[in-house]
Amino acid sequence: MTPVPVLSASSITKVFQAGGKQLTALRGISIAPLAGETFGIIGESGSGKSTFGRIAVGLEMPSSGELYIEGERVDDLPASLRRKKFLRCQMIFQDPYSSLNPRLTIGKQIGEAIYAQGVLDWRQIRGDVGELLEKVGLRRDSADRYPHEFSGGQRQRIAIARALAPSPRIVVADEPVSSLDVSIQAQILDLLASVQNEHLLCYILISHDMSVIARLCDRVAVMHRGRIVELGPTSSVIGTPQHPYTRNLLDAVPRLGRRRSGHGPTTAALPTHGDDDNLIEISSGHFVLQSTAM
Ligand SMILES: Nc1ncnc2c1ncn2[C@@H]1O[C@H](COP(=O)(O)OP(=O)(O)O)[C@@H](O)[C@H]1O
Ligand SMILES: [Mg+2]
């Protein structure tokens, strides 16, 4: 049986109007990550990764294409219903300094996210906040403190707790460790992995760093100028990169280019990639953009 994708994006495009000009940030993105899967998106700055991430959590609307959450189409829902549905999709941002409100205690910020999904009893909210804080490795009494009292790594833990508060199925983490000290990065990546196992979350992990992708991702999509140029099991993409752009990315981390990562697909039957006619399958679940005209 083919597993049902938690999130399914089909031919998503995004055109921005900027200073009287049109800027096409996404040119037909189709991905379908599964429950329990960590799906990586890698590409250089400006390739459209964050734009896709924001669309996946409902912060931005696609210009065309279709988006499904747990099989239900969501891009054409009226705003009020869309907001409710997108509680299932939460985001962790790169900068834990600007993503938290400096004027609210972290208990209030996490509690609001619990309230938003319909829990109205403050005692229960308070208890849930404490549990979430412990889950991310912080003390329960952190709830009464303000963001500035925490380090960058601790703030990212708070951001993770807040993202988990509405019991999401999908978490988009956009460069979740790139603003942190290298010594802290592994701790946060390990935390993300352990939280995922517990909740069978689907992660979309956006990064420009192949070593971060190799550490966590089951599959990876390589984005270049708003397109996916290669997509497949991480071990396959890293071990036998097909597209010149992927090879360039890997050349920047030669250790990874030579060695295969230990990751493989989580399921035997990966769903097909989608209907993008230019992507051809070169081995099981591993697709590459046919045209190399970039
Ligand atoms: N709100 C916006 N208005 C206009 N252009 C935007 C907006 N957001 C992103 N872009 C443009 O879209 C392209 C992709 O940006 P982004 O998704 O942030 O890339 P990445 O996350 O891969 O660095 C860039 O050219 C960027 O300038
Ligand atoms: Mg970005």
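Predicted model: local features only at pLDDT ≥ 70, side-chain atom pairs only at ≥ 80, totals over all residues.
The shell contains F16, L23, A25, E44, S45, G46, S47, G48, K49, S50, T51 and R54, each with a heavy atom within 4 Å of the ligand. Helices (H or I, at least four residues) and strands (E, at least two) are DSSP runs, numbered from the N terminus.

Oxygen atoms of ligand 1 lie 2.8 Å from a side-chain N or O atom of K49 and 2.8 Å from one of S50. A polar backbone atom of G48 is 3.1 Å from an oxygen atom of ligand 1. Taken alone, ligand 1 exposes 560 Å², of which the protein buries 65% (Shrake-Rupley method, 1.4 Å probe).

Most residues other than glycine have a negative phi. S11, in strand β1 (residues 7-18), is not a glycine but has a positive phi of about 50 degrees. S11 is partly exposed, with a relative accessible area of 28% (buried is under 20%, exposed over 50%, partly exposed in between; 1.4 Å probe, protein chains only). R225, also not a glycine, has a positive phi of about 50 degrees and sits in the loop between β9 (219-224) and β10 (227-233).

Residues are numbered from 1 along each chain as its sequence is written, while chains are lettered from A and ligands numbered from 1 in the order in which they are written. Local features need pLDDT of at least 70 and side-chain atom pairs count only at pLDDT 80 or more, whereas totals for chains, interfaces and linings use all residues, and side-chain values use heavy atoms, with hydrogens and water left out.

Definitions and conventions
Polar contact = N/O pair within 3.5 Å; in protein donor to acceptor, adjacent residues only side chain to side chain.
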